[in-house]
Amino acid sequence: MKAIWKDCVIAQSNDTVMVEGNHYFPINSLNLNLINISNNTSYCPWKGSANYYDLVVNGEVNEAAAWFYPEPKEKAKQILDHVAFWKGVEIIQ
């Protein structure tokens, strides 16, 4: 699977985890040159607190377009050290 934004591969892995229709990519599959930590956070009752990354491609920023759970709750432990995408990021095989 590939996560693509602005024709750049943000993440690529054969080992994603599907949760609620989202592919969660292993953190080590991210292109670290294309992400910055965001100040955004959110909360899911069964997954826990999420943090976000901004995507930066050719000077364009897609704010909070990737999220991860640094300490997921027990029911979501399979997404520890994984990142999911939205806001126009295309997920393809």
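This is a predicted model: local features need pLDDT of at least 70, side-chain atom pairs count only at pLDDT 80 or more; totals for chains, interfaces and linings use all residues.
Visitor: How do I describe a pair of aromatic rings?

Guide: Use the distance of the centres and the angle of the planes. Now take the case here. Phe25 and Phe85 have centres 5.6 Å apart, with 75° between the planes. That aromatic pair is edge-to-face.

Visitor: Which parts does the pair of Phe25 and Phe85 tie together?

Guide: Phe25 belongs to strand β4, residues 22–26, and Phe85 to strand β8, residues 82–85. The pair therefore ties together parts that are 60 residues apart in sequence.

Visitor: Are Phe25 and Phe85 buried or exposed?

Guide: Buried, both of them.

Visitor: Back to Trp86. How are the rings of Trp67 and Trp86 placed?

Guide: Their centres are 6.1 Å apart and their planes stand at 85°, so this pair is edge-to-face. It links distant parts of the chain, 19 residues apart. Trp67 sits in strand β7, residues 60–68. Trp86 sits in the loop between β8 and β9.

Visitor: Is Trp67 buried or exposed?

Guide: Trp67 counts as buried, at 10% relative accessibility. The cut-off is under 20%.

Visitor: Which residues form an aromatic cluster?

Guide: Tyr24, Trp67 and Trp86 form one cluster. The count of aromatic pairs comes to 4.

Visitor: What should I know about phi?

Guide: Most residues other than glycine have a negative phi. Look at Asp7 here: its phi is positive, about 65°, although it is not a glycine. Asp7 lies in the loop between β1 and β2. With a relative accessible area of 79%, Asp7 is exposed.

Visitor: What is phi for Glu20?

Guide: Near 50°, a positive value in a residue other than glycine. Glu20 is found in the loop between β3 and β4. Glu20 is exposed, at a relative accessible area of 55%.

Visitor: How do strands of a sheet pair?

Guide: Through backbone hydrogen bonds, either parallel or antiparallel. In this model, 3 strands form an open sheet in the order β2-β1-β9, with antiparallel pairing. The edge strands are β2 and β9, and each pairs on one side only. From one strand to the next, the twist averages 30°.

Visitor: How many bridges join β1 and β2?

Guide: They pair over 4 bridges, in the antiparallel sense. For a spot to look at, find Ile4: it stands opposite Val9 in β2.

Methods: Residues are numbered from 1 along each chain as its sequence is written. Side-chain values use heavy atoms; hydrogens and water are left out. Rings of Phe, Tyr and Trp (its six-membered ring) pair if their centres lie within 6.5 Å; planes under 30 degrees apart count as stacked, over 60 as edge-to-face and the rest as tilted. Helices (H or I, at least four residues) and strands (E, at least two) are DSSP runs, numbered from the N terminus. Buried means under 20% relative accessible area, exposed over 50%, partly exposed in between (1.4 Å probe, protein chains only). Two strands pair if DSSP finds at least two bridges between them. Axes are lines fitted to C-alpha atoms, for helices over the stretch in contact, and angles run from 0 to 180 degrees between N-to-C directions.
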